[in-house]
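Please open the model in your viewer and keep the sequence at hand. We will take a walk through it together, one region at a time.

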Amino acid sequence: MKITKIWAEVTHASMYSNYVFVIAETDEGLIGFGDATLDGLEFEVVAAVNNMGSKLIGKDVLEDQLSVDGGGGGLITAAAASGIDIAMWDLKGKALGKPIYQLLGGAIRKKIPVYASFNRAIRDRTPEGFGKFAKELVAEGNKALKCHPFDGVSWRTPLDDQKKLVDEGCDRFIAMREAVGDRIAIGADAHWRFDLKTALYVADKLKPYHPFWLETPIPEKKPELLREFRLQSGVLVAGGEMQTGAEAVLPLLQQGCLDVYMPDIRYVGGITGMVKMNGVLETYDVLISPHNMCSVITCAASLHMAAVMKNFMHLEYHPAEAPWLREFSDRYWDVEDGCFTVPEGPGLGVNLNLKLLKEHPYEKAKPVRLNMLGA
């Protein structure tokens with residue numbers, strides 16, 4: 001079975017984003033899907049997919065080495081290589097008639113605990129709006145939530161000059177806790193917005209309300225400050241979503257900067273890269289909670305990895321930003337008792353409707369609210 005074509009399709013996903021899907025065709029009619037989404041750089045990624053994918057044309061799906069190297073080229077090549085890698089795994093699974101988790105050695109778990117992360121889905125940014133939306137998500141079956149509440153805060157600004165904004169962010173988190181009670185896990189994502197003093201201030205304010213973690217409190221280019229925060233704060237610290245390979249997390253691991261690592265399958269080299277990253281993280285015996293904020297393809301790939309990770313904690317997902325997203329594929333996940341189920345179909349277990357993708361072509365997206373470096 002030979003690969004005959006690899007290309008990328010840019011599809012409008014919501015007012016905030018366009019997805020970049022990788023599609024790989026074979027001479028026997030099988031199609032593999034990947035996700036190479038990188039907000040704001042969609043057509044640069046398309047060019048990288050076309051260039052890197054051309055090297056695989058004519059190769060045998062089951063006999064040849066199909067990995068592509070995105071190392072050293074930044075996020076654009078990392079996203080393209082990751083999307084291609086996911087599509088290759090999808091093809092291999094389909095060719096063998098096996099789900100990817102079986103190709104990875106078999107599942108430790110098939111019910112995957114998830115948390116709803118809703119920076120892009122929420123419209124009412126008041127504390128009351130956060131509380132109301134949290135209650136709606138819990139009513140849908142979610143047992144864990146994550147908010148992104150720190151509007152306008154910057155690590156470049158001293159706490160005394162932005163204390164009002166910081167307090168407003170804490171109030172949003174507190175409103176969620178008061179709305180849903182203590183039985184629901186709630187985390188907070190700071191999007192690298194704090195200096196050490198601000199991060200410690202926020203940790204002290206939120207600790208009585210039991211956050212399951214504080215995510216990316218301090219820029220990871222300052223590992224010594226991040227480590228100091230972890231040692232002083234008394235809360236779990238999560239991060240690492242923007243690292244593009246296993247070697248990139250070593251400085252953070254060696255300095256003990258984080259309790260929970262959040263590799264993103266779209267940046268670390270797809271499934272092949274995530275397997276490598278998982279091996280490194282397991283060696284250091286840290287918790288793993290993959291970053292997962294994109295399409296059903298990313299979600300499916302992340303679920304297959306979550307099924308086989310020994311130190312797995314839980315998986316992120318984002319409520320659909322637009323109604324047509326549920327129509328793009330033959331499978332979409334709704335939370336059941338706080339979990340998603342690993343797909344059992346061959347490959348990823350999810351297929352895209354190429355006709356519908358073309359009916360939602362690229363549209364210039366608005367900047368994601370409060371987004372500095374990630375989702």
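Asp337 sits in the loop that links strands E11 and E12; helices (H or I, at least four residues) and strands (E, at least two) are DSSP runs, numbered from the N terminus. Its phi is near 55°, a positive value in a residue other than glycine. Most residues other than glycine have a negative phi, and most peptide bonds are trans. With a relative accessible area of 56%, Asp337 is exposed. Here buried means under 20% relative accessible area, exposed over 50%, and partly exposed in between, using a 1.4 Å probe and protein chains only.

A word on the ground rules: this is a predicted model, in which local features need pLDDT of at least 70 and side-chain atom pairs count only at pLDDT 80 or more, while totals for chains, interfaces and linings use all residues. Residues are numbered from 1 along each chain as its sequence is written, and side-chain values use heavy atoms, with hydrogens and water left out.

Asp285 also has a positive phi, near 55°, and is not a glycine. You will find Asp285 in the loop between H9 and strand E10 (287-288). Asp285 counts as exposed, at 60% relative accessibility.

Other aspartates lie under cover. Asp264 is placed in the loop between strand E9 (260-261) and helix H9 (270-283), and it counts as buried because its relative accessibility is 0%. What is Asp264 in contact with, leaving aside its neighbours within four places in sequence? The residues are Glu241, Met274 and His291, where contact means heavy atoms within 4.5 Å. Gly240 is 24 residues away from Asp264 along the chain, and their C-alpha atoms are separated by 8.4 Å. Asp189, in strand E6 (residues 185-189), counts as buried at 2% relative accessibility. Between Asp189 and Asn18 there are 171 residues of separation in sequence and 22 Å in space, C-alpha to C-alpha.

Now for the strands. Two strands pair if DSSP finds at least two bridges between them. Strand E1 (residues 3-14) runs antiparallel to E2, and ten bridges join them. E1 and E2 make a hairpin with two residues between them, and Ser14 stands opposite Ser17 of E2. E1 is mostly covered, with ten of its twelve residues buried. In a regular strand the side chains alternate between the two faces of the sheet.

Strand E4 (residues 111-117) is mostly covered too: five of its seven residues are buried. Which strands does E4 pair with? Strand E12 (residues 339-341) runs antiparallel to E4 and is joined to it by three bridges; the partner of Lys111 there is Thr341. Strand E11 (residues 315-317) is parallel to E4 and also joined by three bridges, with Tyr115 opposite Glu316. Strand E5 (residues 144-147) is parallel to E4 and joined by two bridges, and Ser117 stands opposite Lys146. E11 and E12 are the strands on either side of the loop that holds Asp337.

Next, look for open space. Rolling a probe the size of a water molecule over the atoms shows where empty space is left. On a 1 Å grid over the protein atoms alone, a pocket is an open set of points where a 1.4 Å probe fits, with protein on both sides within 12 Å along at least five of seven lines; lining residues have an atom within 4 Å of a point. Grid points are joined across faces, edges and corners, and a volume is the space filled by probe spheres set on the points. The largest pocket holds about 460 Å³ of space. It is lined by 26 residues, and those closest to its centre are Tyr317, His318, Pro319, Ala320 and Tyr332. Strand E2 (17-26), helix H4 (127-139) and helix H10 (296-308) are the elements that give two or more residues to this lining, and H4 gives the most, with three. The lining of the largest pocket divides into 18 nonpolar, three polar and five charged residues; Ala, Val, Leu, Ile, Met, Phe, Trp, Tyr, Cys and Pro count as nonpolar, Asp, Glu, Lys and Arg as charged, and the others, Gly among them, as polar.

How many disulfides does the model have? The count is zero, a disulfide being a pair of cysteine sulfur atoms within 2.5 Å. For Cys147, the closest cysteine sulfur is in Cys170, 9.7 Å away, so the pair is too far apart for a bond. Cys147 counts as buried at 0% relative accessibility, and Cys257 counts as buried at 0% as well.
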